[in-house]
Amino acid sequence: MKKLLQINSSIYSTGGQSSQLAAQFVAAWRLANPGASLTLRDLAREPVPHLDAARFGAFSAKPEARTVEQKATADYSDALIAELKAADVIVLGLPLYNFGLPSTLKAYFDHIGRAGHTFKYTDQGPVGLLSGKKAYVFAARGGLYQGTARDTQTAYVRDFLGFIGISDVEFVYAEGLAISEESKNASIARALRRIGDISAPAALAA
Ligand SMILES: Cc1cc2nc3c(=O)[nH]c(=O)nc-3n(C[C@H](O)[C@H](O)[C@H](O)COP(=O)(O)O)c2cc1C
């Protein structure tokens with residue numbers, strides 16, 4: 001049975017444009033994958049704490065040497081990683097806030113990017129440990145950035161996912177949402193058409 005993990009990072013939870021586009025894709029994907037399981041991680045409803053020295057110290061401590069508090073912190077991160085490892089398909093809602101990704105998503109990344117768990121260092125450099133997964137990213141933005149140097153998100157998210165072994169990543173953009181009602185409607189319509197293309201049975205089977 002295939003497993004899909006949807007991660008929403010809009011401050012508006014399921015009401016965000018990025019979350020709604022992600023949900024459209026997930027609905028189509030589920031039609032093509034009856035019986036598949038869906039896990040929704042909503043970073044607005046359940047924010048991951050920001051990483052600090054105490055939390056990183058808990059990750060780095062030897063399991064047998066962890067205090068009760070450190071064990072709880074490491075267990076929490078381990079559970080996020082287990083959820084991600086279990087997924088065949090990852091769907092990420094990605095809003096643009098103040099020229100970057102939501103701080104909740106960064107905090108999530110800080111809890112899943114862990115040496116020995118999602119990547120390891122080798123003589124040839126770092127190697128990602130999460131293989132065989134496909135990720136779809138639904139990026140919603142007020143302005144226009146795609147393909148320009150001001151797009152701070154695409155390369156970063158692609159790099160981070162690639163670093164942990166998820167290199168098959170597809171982006172769908174809805175941009176210009178704050179420019180005008182016409183721009184917003186046209187952009188969402190374009191994104192929905194793209195979702196139709198990438199969720200067609202032949203595309204999902206590829
Ligand atoms: C706090 C905040 C900061 C934003 N910063 C930017 C920005 O830097 N550039 C931009 O183009 N749009 C910006 N926007 C507009 C969002 O990208 C747009 O509303 C998008 O739909 C957000 O995704 P969401 O609806 O899934 O939350 C911002 C919106 C908010 C609420």
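Reader: Is Gln-153 buried or exposed?
Author: Here buried means under 20% relative accessible area, exposed means over 50%, and partly exposed is in between, with a 1.4 Å probe and protein chains only. Because its relative accessible area is 1%, Gln-153 counts as buried.

Reader: Before we go on, what kind of model is this?
Author: Residues are numbered from 1 along each chain as its sequence is written, and side-chain values use heavy atoms, with hydrogens and water left out. Local features need pLDDT of at least 70, side-chain atom pairs count only at pLDDT 80 or more, and totals for chains, interfaces and linings use all residues, for this is a predicted model.

Reader: Which residue has its backbone oxygen 3.5 Å from a polar atom of the Gln-153 side chain?
Author: Gln-153 sits in the loop between β6 and α5; helices (H or I, at least four residues) and strands (E, at least two) are DSSP runs, numbered from the N terminus. A polar contact pairs N or O atoms within 3.5 Å; within protein, one must be able to donate a hydrogen and the other to accept it, and residues adjacent in sequence count only if both atoms are side-chain atoms. The backbone oxygen belongs to Gly-100.

Reader: Which backbone oxygen lies 2.7 Å from a polar atom of the Ser-9 side chain?
Author: Ser-9 is in the loop between β1 and α1 (17–32). With a relative accessibility of 2%, Ser-9 counts as buried. Its contacts (heavy atoms within 4.5 Å), leaving aside neighbours within four places in sequence, include Leu-43, Tyr-97 and Leu-105. The oxygen in question is that of Gly-93.

Reader: How much of the ligand's area does the protein bury?
Author: A nitrogen atom of the ligand is 2.8 Å from an N or O atom in the Tyr-145 side chain, and a ligand nitrogen is 3.1 Å from a backbone N or O atom of Gly-142. Areas come from the Shrake-Rupley method with a 1.4 Å probe; for residues, only the protein chains shown count as cover. Taken alone, the ligand exposes 620 Å², and the buried share of that is 76%.

Reader: Which residues of α4 are buried?
Author: In soluble globular proteins, nonpolar side chains tend to be buried together. The buried residues of α4 pack against β1, β2 (37–42), α2 (53–60), α3, β3 and α5. They are Leu-105, Ala-107, Tyr-108, Phe-109, His-111 and Ile-112.
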